[in-house]
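Colleague: I would like to learn how to read a model feature by feature. Can we start with a helix?

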Amino acid sequence: MAGKQFHMGWFMNFTTNEWNTPFGNDGMPWNGKFYIEMAQAMERACFDYIMIEDTLMVSEAYGGTSEAYLKYASMAPKGDPAPLAAIMSAATSRMGVVATMSTTFYPPFMLARLCSTLDSIAEGRFGWNIVTSGEDGSAQNFGMDKLTEHDLRYDKADEYVDLVCKLWDSWEPDAVVRDRETNTYADFKKVRPINFSGKYYKSRGPLNTVRSPQGRPVFVQAGGSPRGRQFAAKSADSIIAVANGVEGMKAYRDDVRARAAAQGRNPDDIKVLFVIGPVLGETEEEARAKKQRMDSDPDAIMQSLAGLSSVTDIDFSQFDLDKPLPRLETNGERGSLDKFAQWGSNKTLRQLVMDNGGTSDSIELVGTPDQVAEQMGEANEAMGGGDGFLISAPYMRVSKQYITEICEGLIPALQRRGLTRTQYTTSHLRDTLREF
């Protein structure tokens, strides 16, 4: 008997695709064609959305230089997600496209206008991944010495979201009349300034773009810390989450649903998608051998630690791979640090890297497509009927081979079990997420 149907997304970034492996491509995805073809393959598999991650610097957090990041093309170079979102939206017709933009660095009016434009281009399928950013290197690119304190960034983000929502609502739904008799395109009485004046932001408004098909984009957010969870529970339509095992997944989902209910929201309106990086093979033995090769590769270990250093601003090159980590604090991504470190487990740093498999997997998924599909269904049921999963390629290295394995191997196995959609029935991303 089929379990409860769940949603599927894919977490990627506009960096180089896998380029130097036997099944790698050219490492030159900068015209976007590689990712257009990826999005089209995902749409054929009926994914809910593809999400483009972003950061705004060439990091030197690992070892005090940019070597690891540029040598392995890890975190940099990286293209701007907004133009990629536009061309992926234009090349698809039903799947959602989500782009990351930071409340710390985008002026609110500029972001509101850009998101409105992208939602119109996507005909109601655009989403905004709301981040506050977690790297001092990014702050220094925008004239700051360092980021503001972690929880204060979320306080400012609350007001920021309130402001951009008012900007999106500055055009009434029926403001565009296109009345030929009176030669009137838009009714000025239905487009109004907002005169917003808050503690951190101020804007006159109105937007100079028409109201987009969804009114506002879908809100996606990754809240790991208590303050981040509170923000996500207040605002998000979909939450990106990482957890340690099924128990951790259930605890996280229960927590954000309770926080949402306490703020007067319907918890069912929030879809929590847990990050996974399935490793697939024609047999379980083949899949496990593949995972072992990836996890034991010294370069892969360095890439994983360099990536974690970037988002936490902690230099992990200073720690012995074969000793446990000391207790650490960060003004960066606290949820990512806590999930990775597994405080109290007494595992060595090398073991922690191998546990996370380069993607901060919520659960380990290794085997044939049918085996992995079965495990995903069981995990979903153990959460009491969870919301879904977000694919992230191991070590964020996407190849056409991996896309094919997921879209033409794993997804059909899930569909045969009645666990994921086989067709789209709605036109807008928010409606797709709320369909079940």
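Modeller: In α7, the residues R227, G228, F231, A232, A233 and S235 are buried. Buried means under 20% relative accessible area, exposed over 50%, and partly exposed in between, with a 1.4 Å probe and protein chains only. Helices (H or I, at least four residues) and strands (E, at least two) are DSSP runs, numbered from the N terminus. This is a predicted model, in which local features need pLDDT of at least 70 and side-chain atom pairs count only at pLDDT 80 or more, while totals for chains, interfaces and linings use all residues. Residues are numbered from 1 along each chain as its sequence is written, and side-chain values use heavy atoms, with hydrogens and water left out.

Colleague: What covers the buried residues of α7?

Modeller: Cover is read from contact, which means heavy atoms within 4.5 Å. For the buried residues of α7, the cover includes β4, α6, β9, β10 and α8 (245-262).

Colleague: Across which strands does α7 lie?

Modeller: Helix α7, residues 226-235, lies across β4, β9 and β10 (238-241). Its direction is at about 165° to β9. For such angles, axes are lines fitted to C-alpha atoms, for helices over the stretch in contact, and the angles run from 0 to 180 degrees between N-to-C directions. Helix α6, residues 150-168, lies across β3 (96-102), β4 (126-131) and β9, and runs at about 155° to β4.

Colleague: How many bridges join β3 to β4?

Modeller: Two strands pair if DSSP finds at least two bridges between them. β3 and β4 run parallel and are joined by six bridges. In β4, N129 is the residue opposite T100.

Colleague: What do the paired strands form?

Modeller: They form a closed barrel of eight strands in the order β1-β2-β3-β4-β9-β10-β11-β14, with parallel pairing. From one strand to the next, the twist averages 30°. As a further pair, β11 (residues 271-276) and β14 (residues 388-391) run parallel and are joined by four bridges. There, V275 has L390 of β14 as its bridge partner.

Colleague: Now the empty space. How is it found?

Modeller: Rolling a probe the size of a water molecule over the atoms shows where empty space is left. On a 1 Å grid over the protein atoms alone, a cavity is a set of points where a 1.4 Å probe fits but cannot get out, and a pocket is an open set with protein on both sides within 12 Å along at least five of seven lines; lining residues have an atom within 4 Å of a point. Grid points are joined across faces, edges and corners, and a volume is the space filled by probe spheres set on the points.

Colleague: What is the volume of the second largest pocket, and which residues are the closest to its centre?

Modeller: The second largest pocket holds about 770 Å³ of space. It is lined by 24 residues, of which E18, T21, M294, D297 and R397 are the closest to its centre. At least two lining residues come from each of α9 (284-296), α10 (298-312) and α14 (400-416).

Colleague: How does that lining divide by class?

Modeller: Ala, Val, Leu, Ile, Met, Phe, Trp, Tyr, Cys and Pro count as nonpolar, Asp, Glu, Lys and Arg as charged, and the others, Gly among them, as polar. The lining of the second largest pocket has eleven nonpolar, five polar and eight charged residues.

Colleague: How many cavities of 30 Å³ or more does the structure hold?

Modeller: It holds two. The largest cavity has about 30 Å³ of space, and its lining consists of F6, M8, A45, C46, D48, I411, T420 and R421. Five of these are nonpolar, one is polar and two are charged. For the second largest cavity the volume is about 30 Å³, and the lining is M12, N13, T15, T16, Y35, M396 and V398. That lining has four nonpolar, three polar and no charged residues.

Colleague: Last, the backbone. What should I look for?

Modeller: Most residues other than glycine have a negative phi, and most peptide bonds are trans. The bond from A76 to P77 is cis, with omega near 0°, and P77 is in the loop between α2 (67-71) and α3 (81-90). From G205 to P206 the bond is also cis, with omega near -5°.
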